[in-house]
Amino acid sequence: MSASISCSEALAAIRRGEKLPSEVVRRLGEEQPGEFFRIIIEGLADSFEPADAASYEELMRVWIPADARVAAVAPARVDCVYVLSRVTLGADIKIASIVLDAMKRRFPEARIAFVANRKSAELFMADERVEWVESNYPRSGAVSSRIAFAELLRAQVAGEHRIVIDPDSRMTQLGLIPVCEPERYFHFPSRSEEAAGNLSELTARWLTHTFGVAGQAYVAPSRVVVEGAAPRAAVSFGVGENDSKRIGGDFEAQVLRVLGARFRTIWIDRGVGGEEARRVTEAVAASGLGERARFWEGSFAGFASVISQCDFYVGYDSAGQHAAAAAGVPLVTFFKGASSARFRERWMPAGECRITLIDADAGMPEACLDRLRALVKS
């Protein structure tokens, strides 16, 4: 196999059942880490197929030696439970928050420490039971530098009478690098789980099997003041730099018009600025909402607080949908660009409120808008 193979060609070869030479894998991971993770690693991990999970592990073993695993057992005394972040905001709401909730119930006297970056930690700042251990996983750079981060993480979670819960975190390269004694390290293998179901259900099921207690997704950000007359809707057109999730044309302005027929105040997240903020601003201008539109320009945790105080939420497949579901706010998600039906099943929002997923891959934009109109009127 040519040493000059691209990441796309490498993934295609893996799909054909070919084994990549170690030197090829190492070159791609060290010299093209962005494409390596985005195309190959995410391509394998996001399929949620056991065969792809095995291929992923085989690739990463070029850097990470295999080790003997033992069954983890919670000791009689647990003074601290470290819960590792999933690194992305949506996953920390959908998965890590369920783990945090379960650990608070299972170990009521223990410290519950969330190992995360600031953006994720802010989602739970108002929860007095959850402490924050700052840990900033490098989301860029060579594979070797990302793996070296695990050694720093090991020092952060050191100590007696503690356990580590890993909900398939990128910090440990999806559980390939235990960061404490193996008998105290609990890993939820979300990518290789064969059973059908949503990730929220699978997480709760694993917790029940492992610890005898389930949990529920939640958010507990510092509360922000939400202005504007009720009823209120919250909107996020963010796609995390993945334009395949977006619906083009004037669709976003049309969504705002539909909401304007029902809601007196509409809060719109301007996102991280730049192109996303420009696009959102233009959609609002074209919608004719005028002063009924309110922009959120702050942390995502702050916007999660806004969402929790609204009566309805609309967005693409992004963190906002999971914040709405966790807060019990009725929501509509336009789901587009899913890599597979199983990916959509795993990641669609889940909660006790009314949740509507509109498959934007299967319908034209006007059909999606018609569905939204019907939901807004009901």
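Which residues line the largest cavity?

**Figure 1. Lining of the largest cavity in the predicted model.** The residues that line the largest cavity are Ile93, Lys94, Ser200, Ala217, His322, Ala325, Ala326, Pro349 and Ala350. Two elements, helix 5 (89–106) and helix 12 (319–327), each give two or more residues to this lining. Helix 12 provides the largest share, 3 residues. By residue class, the lining divides into 6 nonpolar, 2 polar and 1 charged. The space in the largest cavity amounts to about 50 Å³, and the structure holds 1 cavity of 30 Å³ or more.

**Figure 2. The largest nonpolar core.** This core comprises 52 residues, of which Val81, Met103, Ile165, Phe211 and Phe300 touch the most other members. At least two residues of the core come from each of strand 1 (80–84), helix 5, strand 2 (111–116), strand 4 (162–166), helix 8 (199–211), helix 11 (300–308) and helix 12. Helix 5 makes the greatest contribution to this core, with 8 residues. Another core, of 45 residues, lies apart from the largest one; its members include Leu11, Leu59, Val62 and Val164.

**Figure 3. Surroundings of Val81.** Val81 is among the residues that touch the most other members of the largest nonpolar core. When neighbours within four places in sequence are left aside, the residues in contact with Val81 are Met103, Phe107, Ala110, Arg111, Ile112, Ala113, Ile163 and Ile165. Two of these contacts, Met103 and Ile165, are likewise listed with Val81 among the core residues that touch the most other members.

**Figure 4. The stacked pair of Phe263 and Phe312.** The whole structure contains 13 aromatic pairs. In one of them, the rings of Phe263 and Phe312 are stacked, with 5.5 Å centre to centre and 15° between the planes. Phe263 belongs to the loop between helix 9 (251–260) and strand 7 (265–269), whereas Phe312 belongs to strand 9 (residues 312–316), so the pair ties together parts that are 49 residues apart in sequence. Both Phe263 and Phe312 are buried.

**Figure 5. A cluster of aromatic rings.** Phe107, Phe186, Phe188, Trp206 and Phe211 are linked into a cluster by ring pairs. Phe107 from this cluster is also in contact with Val81. Phe211, another member of the cluster, is one of the residues that touch the most other members of the largest nonpolar core.

Technical notes:
Residues numbered from 1 in each chain as written. Predicted model: local features only at pLDDT ≥ 70, side-chain atom pairs only at ≥ 80, totals over all residues. Heavy atoms only, no water. 1 Å grid on protein atoms, 1.4 Å probe; cavity = no way out; pocket = protein on both sides within 12 Å on 5 of 7 lines; lining within 4 Å. Points joined across faces, edges and corners; volume = space filled by probe spheres on them. Helix = DSSP H or I, 4+ residues; strand = E, 2+ residues; numbered from the N terminus. Nonpolar A, V, L, I, M, F, W, Y, C, P; charged D, E, K, R; others polar. Core = buried A, V, L, I, M, F, W, Y, C linked by side-chain atoms within 4.5 Å. Buried < 20%, exposed > 50% of the residue type's maximum accessible area, 1.4 Å probe, protein only. Contact = heavy atoms within 4.5 Å. Phe/Tyr/Trp six-rings, centres within 6.5 Å; stacked < 30°, edge-to-face > 60°.
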